[in-house]
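Please keep the viewer open as you read.

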Amino acid sequence: MRQKLVSALLLASMVGTALTGCGSKASAAGGAVNKDGIKEFTAFFAVPGNEINDDNEIQQLIAEKTGCKVKETWLTGQTNEEAIGTLIAGGEYPDFVDGGDATVQLYEAGALVPLDDYIDKYPNIKEFFTDQEWDSLRQSDGHIYWIPQFSNIYGEERECTHNDEAFWIQTRVLKWAGYPEIHTLDQYFDLIEKYYESNPTMEDGTANIPYTILCDDWRYFCLENAGEFLDGYPNDGSVIVDTDNNKIVDYNTTPTTKKYFEKLNEEYKKGIVDPESFTQTYDEYIAKLSTGRVLGMVDQWWDFSSNAEDAIKTAGLDKAGCNYVPLPITIDEGMKNQWHNSGGVLNVSSGLGITTSCKDVEGALQFVNDLLGQEVHDLRFWGVKGEDYEVGDDGMYYRTPEERANVADTAYKASHSCPYSYFPQWLGTSRDGKNAMKPEGQEQEFYDGLPDTVKECFDAYGVKTYVEMLGTNPAPGPWYPMYTYSSTMTTATPGGTAWALMDEIKHQYLPKVVMADNFETGWDEYMKAYESCKPEDFISEMQTELERRIEVAKKYE
Amino acid sequence: MTLSSSNAEGVISLDENKVKEKKKSDFSRLKHQKVLLIWTAILTVYGIIFYYLPLGGWIMAFQNYRPKDGLLHSKFVGLEKFKLLFSDVSFLRVIRNTLAMGIINLIVTFVMAIVFAILLNEVSHRGGKKVVQTISYLPHFLSWIIVTGILHDALSGNGIINQLMLNFHLISQPINFFAHEKFFWPIVAFANVWKETGWNAIIYLAAITSIDPSLYEAAAIDGAGRWAKIKHVTLPSLKPTIMILLLMNVGNVLNAGFEIQYLLGNGLVQNVSQTIDIYVLKWGISQGDYSLGTAAGIFKSVVSIILIVFFNQMAKRHGEERLF
Amino acid sequence: MKKKISGADLAFNIFNGAFMVIFVIVTLYPVLNTLAISLNDGTDALRGGIYLLPRVFTAKNYTTVLGKDNLITGAIVTVARTVVGTALALITNAILAFIVSRKNFVFAKPVSLFWVITMYVNGGLIPTFLLYKTLGLTNSFLVYVIPGMLSAFNMLVIRTYMKGIPDSLEESAQLDGAGYTTIFLKIISPLCKPVYATVALFVAVGQWNSWFDAMLYNRMNGNLTTLQYELMKLLSSVTNQSASAENMKNAVGSVTPTSVRAAATIITMLPIICIYPFLQRYFVTGLTLGGVKE
């Protein structure tokens with residue numbers, strides 16, 4: 001027994017030493033060339049993400065075409081500030097980095113390479129932004145250090161899903177009422193009430209839940225910010241920008257927001273609002289949606305589509321009309337709604353940077369440039385022709401049902417797909433002028449993938465996409481969206497402190513307001529607590545930023 | 001560092017000489033103690049490097065630490081971070097919450113583990129005993145996210161608890177357990193008991209094995225029943241283990257946790273659910289302020305050390321087993 | 001030993017039996033529930049309502065988890081760190097516990113205090129990171145087994161047990177001319193098997209479940225990844241502690257079903273359950289076994 005133990009220990013320590021041995025050699029990268037003649041880079045993204053396998057097929061194809069390969073790692077079990085803080089303390093970086101909200105710390109620590117001198121040499125990178133946009137990325141020292149990757153439109157915009165926030169409703173409710181035009185908050189709840197009255201349960205006898213509110217942690221936007229949209233303003237996120245006089249308005253205290261919460265309070269008392277709204281977790285919320293019981297809610301599409309909508313389909317509930325469509329709702333009839341905005345959103349606060357640890361900056365940028373080329377871009381987002389998509393006689397890309405299923409499969413994605421998803425990428429129309437840059441933008445492909453009940457609903461309203469359900473508006477001004485500023489605020493400034501306090505108070509009081517026996521008293525209590533956070537500090541800092549942005553934009557008029 | 005540790009060794013050998021003279025121990029005894037001293041020195045050096053050296057980082061609490069400046073060049077702000085903490089009403093509230101949950105958890109998990117270990121030991125069927133013990137520690141391996149998910153399920157409107165209470169007419173309406181502040185601490189305590197009782201009991205089970213069987217035999221001859229045996233043999237034999245674990249855990253009352261409160265809490269109960277660790281994440285790390293977290297950490301350390309020193313002295317006075 | 005069952009004892013047995021049955025049901029449920037979810041179709045599981053049996057059976061969650069690349073490397077490293085780490089921790093903690101449990105050792109108290117304090121102080125993430133980097137522990141296997149090797153908690157658990165061993169054993173050995181080394185190896189340690197097994201279990205489980213150190217110190221080194229780190233990466237998209245609306249919007253289709261987590265949990269638990277009976281015999285015994293005879 002003892003001998004066995006000793007030999008096991010010896011063996012294990014040998015394995016241990018062997019691992020240490022090869023350990024010191026393994027962290028090469030930095031643009032080093034491997035045995036196949038492929039340059040290998042490393043990347044760290046301070047966001048949670050899907051890791052791909054080392055022997056990923058498309059990554060290999062891209063490596064053959066570009067001569068480069070990037071090993072990506074993602075945030076695991078830490079906050080992004082913590083992860084970036086440790087990187088900076090250690091002073092050793094991966095070649096590519098995106099620090100999320102903490103990106104600016106990397107710049108301050110001198111960890112990033114200025115890119116402006118290089119950009120002109122790489123046509124695909126140069127083309128990625130206009131001069132004005134490039135300039136907006138300049139930091140306090142006048143240099144550009146990172147490239148925002150997302151929401152950039154090539155050619156004509158192609159958008160089928162409304163990825164953002166809306167009042168959603170199940171198609172069965174609309175169908176039951178004969179697809180009425182629903183424009184106001186009152187009409188929306190009226191419809192839900194009436195439907196619920198005559199259909200208290202689903203076909204199998206499960207009780208319907210007329211309206212639920214997701215309120216879990218940071219996802220409480222589903223409760224708190226509908227007021228700004230109901231007033232006809234777009235998603236500036238943290239504030240309303242009054243376009244008449246370029247003033248920041250606090251949407252938390254507007255009459256519309258008060259009316260919205262009063263309505264929720266009224267519906268709560270009527271038993272329309274799910275009593276578990278404020279205590280349910282995200283998982284429970286998704287479970288409710290997935291059983292098809294919930295008639296309507298406010299949410300952003302990405303927050304429930306990839307799980308609840310899929311589950312509804314898998315359970316065959318799409319046939320019963322349990323899928324959701326967005327409605328263009330405002331507080332009063334005849335107002336313009338701006339739930340959906342066209343055009344990209346340039347979030348200047350973070351992006352892909354190259355670090356001082358990278359030994360081959362030109363090679364790294366060449367790779368980014370190659371990733372933006374059409375052929376590689378298609379590989380990243382469409383995949384391999386004949387395996388992941390087909391090409392019709394008209395040159396249009398489409399997917400077979402089997403190919404669509406593969407796209408949703410975690411294991412398949414890990415071994416096959418390689419979108420390099422935190423590298424710069426295009427939306428909009430492909431350079432061939434026909435196809436969309438990404439499958440999500442391909443109208444026919446999108447429509448074919450819809451459940452019949454949603455198609456029927458779209459037909460009834462004479463639309464083809466979710467976006468058309470809401471209509472679309474151009475971005476309201478050069479400042480848009482203001483949330484790219486508020487998301488970088490910290491308690492280092494009075495405004496940032498106020499912003500954090502407001503968040504805390506709203507988390508606590510908004511549920512109480514909705515559940516209050518007497519709405520007015522509840523609202524007054526909330527307002528009293530709210531005022532004590534000094535929201536004016538936050539508003540004034542936002543106002544300064546708004547004016548700065550307008551000023552910067554003037555240079556290009 | 002090497003300097004100070006070699007100094008320490010020098011002091012140790014000096015003291016040793018004095019003691020030897022005093023005690024007039026024989027030569028072989030000194031030789032024996034030498035082995036102990038050498039090992040003590042080695043292990044102390046290890047302790048200094050891995051536990052005490054990083055405490056240099058406490059300097060952050062007195063700085064406005066910025067990653068770009070590092071530990072050496074960040075701006076000193078004195079006690080500002082501590083002032084900030086203790087002038088914030090919500091920090092005082094999270095201290096209260098942390099203490100309350102820490103103490104409740106300490107008591108219930110502690111008592112449950114001992115009761116379970118003793119009762120399990122009384123199971124006469126050996127196979128049954130092993131099976132029960134194996135099952136009891138399994139929840140330890142489930143992550144909090146799984147356990148809290150199941151708890152949420154069980155306590156929801158149509159969860160098993162509400163259904164049972166409705167069936168027995170204890171209530172007329174389902175209770176929304178997570179909406180009331182009064183339920184939060186008990187739920188957290190229950191979750192801790194549920195997940196860790198079997199695991200915590202392992203130490204006591206190991207200690208029970210060292211009890212001399214002749215003590216039980218003697219008790220049996222005196223006509224002791226099961227309860228009497230537990231009271232007069234098992235519990236007294238477990239006492240040193242119980243005391244040591246109690247003392248160690250008393251120092252941990254401010255570490256009531258993060259994950260479980262984070263996962264079970266919501267806006268309605270945030271007044272009672274937020275702990276020091278949650279506060280630090282929210283107002284420190286998430287705001288890019290590392291110093292605040294370090295300051296809170298120092299506060300926790302100081303309180304812990306005061307607590308264990310105090311309770312250690314108490315134990316000493318009562319002649320119980322103690323930490324040092 | 002003859003047993004006479006009195007009325008009180010019978011009542012005790014019934015009560016105790018009932019208690020154990022309830023306890024087993026309550027503690028077994030979450031495990032069985034996790035097992036059921038792990039064997040259920042992920043999308044279907046989103047709908048909730050799975051208790052003890054899977055509703056739509058599938059092995060897909062397991063193939064997804066087992067299909068994660070680097071899992072083999074991770075498993076080898078994890079086994080290595082568990083074995084090496086447990087051995088090192090057990091040896092060092094036992095030595096220290098032995099030293100401070102000697103009644104006539106001059107520094108028993110200060111040394112104990114020195115270690116007790118380590119339980120309640122923490123320099124923080126960044127200073128610790130810098131230290132390990134300076135010591136050359138980053139990008140190395142040693143970072144798994146050297147820091148945290150000696151822990152006051154484990155040491156004190158062993159010390160308490162050692163103190164329970166009668167002094168007469170040591171004294172008589174000393175009369176025979178035995179040194180401390182001999183006393184430690186030949187007299188004390190054999191009697192400490194139950195507590196050694198307990199501490200070995202604690203350390204081994206801790207090692208087995210570790211992933212944070214792999215992520216922090218060896219992130220860029222695929223050869224030093226651990227099983228749990230690979231699983232955490234697989235699951236990290238569902239931990240929303242750091243997520244924000246902006247991040248989630250860009251992370252297209254990154255939501256991993258709860259079922260995959262359940263499968264990963266079961267997979268990590270299995271080896272521990274298999275090895276457990278070998279350790280269990282040291283701390284679950286009948287009344288007639290074990291015990292220290294003078």
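A residue is buried if 20 or more other C-beta atoms lie within 10 Å of its own, exposed if 12 or fewer, and partly exposed in between, with C-beta atoms placed from the backbone. This is a predicted model, in which local features need pLDDT of at least 70 and side-chain atom pairs count only at pLDDT 80 or more, while totals for chains, interfaces and linings use all residues. Residues are numbered from 1 along each chain as its sequence is written, and chains are lettered from A and ligands numbered from 1 in the order in which they are written.

With that in hand, which residues are buried in helix 6 of chain B? They are K129(B), V132(B), Q133(B), S136(B) and Y137(B).

Helix 6 itself covers residues 126-137 of chain B, 12 residues in total, and reaches 17 Å from first to last C-alpha, close to the 16 Å expected at 1.5 Å a residue. That expected span is 1.5 Å times one less than the number of residues. Helices (H or I, at least four residues) and strands (E, at least two) are DSSP runs, numbered from the N terminus.

## Where chains B and C meet

Two residues are in contact if their C-beta atoms, placed from the backbone, lie within 7 Å. On that basis, 73 residues of chain B are in contact with 74 residues of chain C. Helix 2 (residues 27-52) of chain B gives the largest share of chain B's side, 12 residues.

## Chain C

Chain C has 15 helices and 0 strands. Of its 294 residues, 51% count as buried. Among its contacts between residues at least 6 apart in sequence, 72% join residues at least 24 apart.

## Domains in chains A and B

Domain bounds here come from an automatic or database domain assignment. Chain B is divided into domain 1 (2-78) and domain 2 (81-317), with C-alpha centres 34 Å apart. Between them, 8 residues of domain 1 of chain B are in contact with 6 residues of domain 2 of chain B.

Chain A is divided into domain 1 (27-156 + 346-441) and domain 2 (165-339 + 450-554). Their centres, taken over C-alpha atoms, are separated by 32 Å.
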